[in-house]
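Dear colleague,

I am handing over the structure we spoke about, and it is pasted just below. My notes on what was found in it follow, and I would be glad if you read them beside the coordinates.

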Amino acid sequence: MNPADKSPWIKNLAAQVGFDRAGIAPANPVGRAEHYRCWLAAGRAGRMDYLHRYVETRLDPRQLLPGARSVVVVAHSYYQPCPGRPEDDLPRGRVAMYAWGRDYHRVMRRKLHALVDRMREELAESFEARVCVDTAPLLEREWAASAGIGWIGKNTLVLDTALGSYFFLGAVVTTLELEPDAPITDHCGRCTRCLEACPTGALDRPYEMDASKCISYLTIEHREDVPEALRPLMGDWVYGCDLCQQVCPHNQRVPTTREPDYAVRPPAPYPSLTELMHWLPDDYDRALCGSAMRRATLPMLQRNARIALANSATTG
Ligand code: B12
Ligand code: SF4
Ligand code: SF4
């Protein structure tokens, strides 16, 4: 099979294993490497020390897999309509949609391995492949944009005109030579809704984020006390934040995910804050078995619940 025939064939296999989009980028170094280095140097990564590690690998997939020639990027939608807030008087927090169901790392990794297995079964030539979903040092959005999966929006997420931005990204870095896709154009236009909707000012410039102010960072990645000035701005979010996606015009009519593993699992999306406050380690283990919410430890979740409770007391 020549590189031009292999590309549509792999994209078809990706659809068969359940991905919603697939595209191919050449495994070249990132064009905006300097931007990434400046972003780190300016302290905009907060305490996400792991982003300072393997910087050269993040910027060049050939360091992740010697001899890499192509990056197959996939998108997997997790969008589902929000169930109504329970009609009781309990103070409740909010969980971002990406964490409502089973941990996407597991779901995506299983599908990415299935994709590589199918490629190995059906291709005559031998090749190396490395599967990535968050865990490997790879700037996934850069390769998603390069592979034509979508454009990087002003809220810094990858968007597609049909799927919106509620999808996960994954990648297979491979030594196979494949015909790349062309990037697509930016459809943000003059819109600035996400920048205006961000309560903490984390989106302080279009296409850029000060992650140290993002509610998603503060609730999931930040292990210490949340700076006092930011607490009242966090509203009722106890795990992640969706505000800059909820307001996006491209997210208003998107299809529901076909993935049963992403179906909402209690206590998401509106956990009772008083219940969370009283959880013991066994309650945490039982309630969050297999959930993406386990990225926050029990003390972090309880810290977030305390902030949300204080905010609900002031907003009524
Ligand atoms: C660290 C991280 C975070 C941090 C920092 C987010 C950020 N914007 O950087 C925090 C904890 C805040 C976070 C939050 C969320 N995250 Co996150 N996160 C990551 C992770 C692990 C690394 C991202 C990273 O390296 N950031 C550093 C910055 C500098 O890199 P970057 O934004 O990719 O920067 C490049 C471009 O923005 C570009 N750029 C710079 N300037 C300009 C200008 C123009 C005009 C253009 C076009 C581009 C451009 O250059 C940069 C360098 O190459 C990725 C997975 C991965 N391995 O990539 C997931 C990932 C980005 N996260 C994801 C998700 C789902 C989320 C949340 C929606 C979860 C939630 N609901 O709470 C939020 C969204 C917040 C937001 N608006 O981005 C998805 C995004 C999928 C998508 N459709 O884009 C990813 C890809 C995980 C995955 N495998 O699916 N996340
Ligand atoms: S996730 Fe929330 S806090 Fe973070 S940039 Fe988007 S709106 Fe702002
Ligand atoms: S809200 Fe508007 S500016 Fe922000 S990502 Fe969506 S289209 Fe782009």
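Which residues are the closest to ligand 3? Among the 13 residues that surround ligand 3, the closest are Gly153, Cys188, Cys191, Cys194 and Cys248, where a residue counts as near a molecule if its C-beta atom, placed from the backbone, lies within 6 Å of it.

Before going further, please note that this is a predicted model, in which local features need pLDDT of at least 70 and side-chain atom pairs count only at pLDDT 80 or more, while totals for chains, interfaces and linings use all residues. Residues are numbered from 1 along each chain as its sequence is written, and chains are lettered from A and ligands numbered from 1 in the order in which they are written.

The two domains

The protein is divided into domain 1 (3-82 + 103-174) and domain 2 (193-255 + 264-315), with bounds that come from an automatic or database domain assignment. Taken over C-alpha atoms, the centres of domain 1 and domain 2 are separated by 25 Å. Their contact takes 22 residues from domain 1 and 25 residues from domain 2, two residues being in contact if their C-beta atoms, placed from the backbone, lie within 7 Å.

The ligand shells

The shell around ligand 3 draws at least three residues from each of domain 1 and domain 2, and it divides into 7 nonpolar, 4 polar and 2 charged residues. In these classes Ala, Val, Leu, Ile, Met, Phe, Trp, Tyr, Cys and Pro count as nonpolar, Asp, Glu, Lys and Arg as charged, and the others, Gly among them, as polar.

Around ligand 1 there are 38 residues, of which Ala96, Glu140, Tyr207, Ser216 and Gly240 come nearest. By class, this shell has 24 nonpolar, 6 polar and 8 charged residues. Because domain 1 and domain 2 both give residues to the shell, ligand 1 lies between them. Helix H2 (33-41), helix H6 (140-146), strand S7 (167-174) and helix H8 (215-220) each supply at least two residues of the shell around ligand 1; helices (H or I, at least four residues) and strands (E, at least two) are DSSP runs, numbered from the N terminus.

Helix H5 (residues 104-122) has 19 residues and reaches 27 Å from its first C-alpha to its last, close to the 27 Å expected at 1.5 Å a residue, the expected span being 1.5 Å times one less than the number of residues. Its buried residues (20 or more other C-beta atoms within 10 Å of their own; exposed means 12 or fewer, partly exposed in between, with C-beta atoms placed from the backbone) are Tyr104, Val107, Met108, Lys111, Leu112, Leu115 and Met119. They cover an arc of only 125° around the axis, which puts them on the same side of H5; the arc is that of the directions from the helix axis to the C-beta atoms. Arg120 and Glu121 are exposed on the other side of H5. The buried residues of H5 pack against helix H1 (3-16), strand S2 (70-77), strand S4 (129-132) and S7.

In H1, the buried residues are Ser7, Ile10, Leu13 and Ala14, and they pack against strand S1 (21-26), S2 and H5. On the other side of H1, Ala4, Asp5, Asn12 and Gln16 are exposed. Just after H1, Gly18 takes a positive phi of about 115°.
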